[in-house]
Amino acid sequence: MPDSAPIIEARGLTRAFGGFIAVKNVNLKVRGGTIHALIGPNGAGKSTLFNLLTKFLSPSGGSIFFKGRDVTHMAPADIALLGLVRSFQISSVFPHLSAHENVRVALQARECETFAFWKSNRTLRRLNDEASNLLESVGLADRSQTRASELSYGRKRALELATTLALDPEVLLLDEPMAGMGTEDIGRTANLIRSVGNGRTILMVEHNLGVVADLSDAITVLRRGEIIAEGTYAEVSADSEVRKAYLGGAHG
Ligand SMILES: Nc1ncnc2c1ncn2[C@@H]1O[C@H](COP(=O)(O)OP(=O)(O)OP(=O)(O)O)[C@@H](O)[C@H]1O
């Protein structure tokens, strides 16, 4: 693995809904520079764990560390500023703006953190160029002037990824990046994730096991809120508990 230090770590993470424990004593280490997938049958607790890590839900117990710092009680916006950004579900794509305008707005949002609010012509030109480069990197160069609302589903998600990349996150959390996509979009998005994963850490929840096998350096398998296996795809797919969980299908 590229780097052995965990960039995200959950210790004893637990979340109950009433009397039901959706995530139970999870100890997870996501290593810097890796693509790490969270898999498991329906209802295994993947989304709940994701929501805990991105602070959309607060834990009933346990702690979360980001780059060695205890962020258990930090607000979602503050953890995003530290460099942990969730894509696809929270990124803001404005339907009436063009693809290019959407990325530029995201770039401007980032610049506001560090620069004065006024912009010189030179700065605006640089932002325009940067927006064009980002669109190109997600395969949307030829859709630059298309309104977001007119993009196909797969391309809308590529635009969401571009607006997230505009924030230059160190860690990207992707929630089912392939959901609802056709084969062609899946292939393109997998390539995209691989290329944006270069130099970043990616944690993703994904149901498409072919994609998981293809992209992941490490995989954590959840069932009924607990980790049942961890390792490479070859390791977890050979695990008898994992096989049982998947054969058990939706009742995992
Ligand atoms: N807000 C909530 N209130 C009550 N129960 C919840 C809530 N959110 C999730 N659960 C329950 O927690 C369990 C885990 O759900 P979660 O959505 O985290 O699983 P998942 O692995 O993401 O499933 P899927 O693959 O179907 O998206 C499920 O039994 C679900 O019904």
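## Strands S3 and S8

Strand S3 (residues 35-39) and strand S8 (residues 201-205) run parallel and are joined by four bridges. Within this pair, Leu38 has Val205 of S8 as its bridge partner. Strands (E, at least two residues) and helices (H or I, at least four) are DSSP runs, numbered from the N terminus. Two strands count as paired if DSSP finds at least two bridges between them.

The model is predicted: local features need pLDDT of at least 70, side-chain atom pairs count only at pLDDT 80 or more, and totals for chains, interfaces and linings use all residues. Residue numbers start from 1 along each chain as its sequence is written.

## The open sheet

An open sheet of six strands has the order S6-S7-S8-S3-S9-S10, with mixed pairing. Strand S6 (84-87) and strand S10 (226-231) each have a single partner strand and stand at the edges, so one side of each lacks a neighbour in the sheet.

## Domains

By an automatic or database domain assignment, the chain is divided into domain 1 (1-83 + 171-177 + 200-252) and domain 2 (91-168). The centres of domain 1 and domain 2, taken over C-alpha atoms, are separated by 29 Å.
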